[in-house]
Amino acid sequence: MKEEKFEQPGQAPLPFMEMFEGFRAELDEHHDRRERIIKASRDITAASKKIIFTLQRVRTLGQSVPPFVVKGNAQYWEIIEKQYQHIAADVQGLNAFRYPQITGGNQEFMEALSFHHYLETQTLISYDDAKARVASMSGDTGAVLLTPEDYILGIFDMVGELMRFSITAMATNGKLPAGKPKKEVRSAKKEESEDQGADKMDVDEQTPAATPAEEPRNVLSDLRALRLQLEIFEPGGGKFGADVKKKADVMRECVDKVEKALYQLTVRGTERPKGWVPDVREERRPELESY
Amino acid sequence: MSASSGMIDPAIFEDLQTKVDEDTAVRDELKDIIQALEKQNRNISFVLSRAHSTPYADLPSVLKASEEHIRNAIETVSKLAQAASKQPYYKFNGMWSRQVQDALQGILFWAWLGGKDYSGSEAKCGRLLTLEELGEVLKVPTNLKDKDEFHITIEEYLIALTSLVEELTRLARNAVTLGDYERPLLINQFVKDVFAGFQILNLKNDILRRKSDGLKYRVKDVEDVVYDLSLRNLVPKKGVKEKQ
């Protein structure tokens, strides 16, 4: 005990020591929780990145991902689930918003989850579904919270993945990935609302483009739809506002790149040798989550 | 937005926008209260800073003048607590923690000067309010663990305590200037006791750590004052204990 150093003979023991000992115990608990969350966030981020990496090898859209992806990524989904379970108890009740350090992991997971979901269903996973997914992975202790901010920032990053996915597809197959025909919007909407999480896959109607007039939606039209939504979204001020502003610039660049690549493909498509890669630099997105 | 018909359910972003807008509204409501508190903190500190130029015997006048401002701050903190308790505590607490710390520091200094126990006679210096006592003064809970409501945290209390030490370091010198050679001794002991408490905490690299790292210099500053006094035989031989 360091306090002894301060004790002088004939004097009462230090007056505030008991109080400080109580503080020490609680601060230690707090720091332990914080450490666990920082570590979980890092592990979730790393595993999510690996999932995304594997997903970038998918060449199809609107159907369940190929077995090699399912198999390869199973371990990473497991890691993420384990990490969420590990910290679930630390972020309950009063502590639900106490450790913003989880946001990095949440955002990266959101990116992986929404990308996976998009590849299989060609739709954007909803916030409620994503939140429910994280909650279900958190185990019985209680849900780890995925905030609307985590969701939005993750979706911004997903645009970058769709860009990479599009460019790779154009380079290897010579065309932009597209899904099922756009016919009957009503049934498509219904199916979307029934979608629970990313697991459910669209097995129905693999019918090839129905009529030549009804062009199926391609990634670029989806990217544009996303861009529209993300651009009219008002984040308000604060850190979130600043994060959105930064990510919005990157997002616009990503859509531009796909548009440029498609232009090149259209203009010089017939001239280009097979395997030719469109000239788009891939810049690394700035890391926003630095904890 | 027919282009998005299949890709994005428009309700997704409409709902998110609503959520974010609601948070913005909460922030706006809190901001007004917090600004009011900031103003009252300034008033408290303005009045209490007269303690640095007021002889010990006249302290009651300073304490009296501060009463009204402290009452105002207590009222505002209650208002803040009411508004903030409707929300998850840690979602918005970053907005007000600095102002709450300043209010705590004002009240800690006021109590140290004898404001808490003042009974109409001489002011009695040297009291440290505990976190719980501060909560009683402010009429808000402290260090909650099971309830998600507004409260004063340990960290806020400790940071306010470091500010109190800084204030007292200044007071030790100014007391000497006023010819008061006893309070520096009282402050010396007090600052050392607080420092000893901080020494047993395991702090991480955060604001509390930085604040607490500064304490050792304050301890030394006050020691220097006491040293200067003892060198010149100015330290009162006895009576320190009685006068406290």
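Select A:Lys247 first. With 24 C-beta neighbours inside 10 Å, this residue counts as buried, because the cut-off for buried is 20 or more. Keep in mind that the model is predicted.

**Stop 1: around A:Lys247**

Colour helix 8 of chain A, residues 238-268; A:Lys247 is found there. A:Ile155 and A:Lys247 are 92 residues apart along the chain, yet 9.9 Å separates their C-alpha atoms.

**Stop 2: helix 5 against helix 8 in chain A**

Show helix 5 of chain A, residues 148-173, together with helix 8 of chain A. How far apart are the axes of the two helices? They lie 9 Å apart, and the packing angle is about 15°. Helix 5 of chain A is therefore roughly parallel to helix 8 of chain A, since angles under 35 degrees count as such. The crossing of helix 5 of chain A with helix 8 of chain A is left-handed.

Next, display side chains at this contact. From helix 5 of chain A, pick residues including A:Ile152, A:Phe156, A:Val159, A:Gly160 and A:Met163. From helix 8 of chain A, pick residues including A:Val244, A:Lys247, A:Met251, A:Cys254 and A:Val258.

**Stop 3: across to chain B**

Bring up both chains. At their contact, 44 residues of chain A meet 39 residues of chain B. On the chain B side, select helix 1 (10-48), helix 3 (89-92), helix 6 (154-177) and helix 7 (183-199); each supplies at least two residues. Which helix of chain B has the largest share of the side that touches chain A? Helix 1 of chain B does, with nine residues. Colour that side of chain B by class: 19 residues are nonpolar, nine polar and eleven charged.

**Stop 4: the two domains of chain B**

Colour residues 9-152 of chain B as domain 1 and residues 155-244 as domain 2. Taken over C-alpha atoms, the centres of these domains of chain B are 24 Å apart. Where they touch, 18 residues of domain 1 of chain B contact 17 residues of domain 2 of chain B.

Stay on the domain 1 side. Helix 4 (97-112) and helix 5 (131-138) of chain B are the elements that give two or more residues to this side. Helix 4 of chain B gives the most, with eight residues. Finish by colouring this side of domain 1 of chain B by class: twelve residues are nonpolar, six are polar and none is charged.

Conventions. Residues numbered from 1 in each chain as written. Chains lettered and ligands numbered in written order. Predicted model: local features only at pLDDT ≥ 70, side-chain atom pairs only at ≥ 80, totals over all residues. Domains from an automatic or database assignment. Contact = placed C-beta atoms within 7 Å. Helix = DSSP H or I, 4+ residues; strand = E, 2+ residues; numbered from the N terminus. Nonpolar A, V, L, I, M, F, W, Y, C, P; charged D, E, K, R; others polar. Buried ≥ 20, exposed ≤ 12 C-beta atoms within 10 Å, placed from the backbone. Axes fitted to C-alpha atoms, helices over the stretch in contact; angles between N-to-C directions. Parallel < 35°, antiparallel > 145°, perpendicular 65-115°, else oblique. Left-handed = near helix turned anticlockwise from the far one by under 90°.
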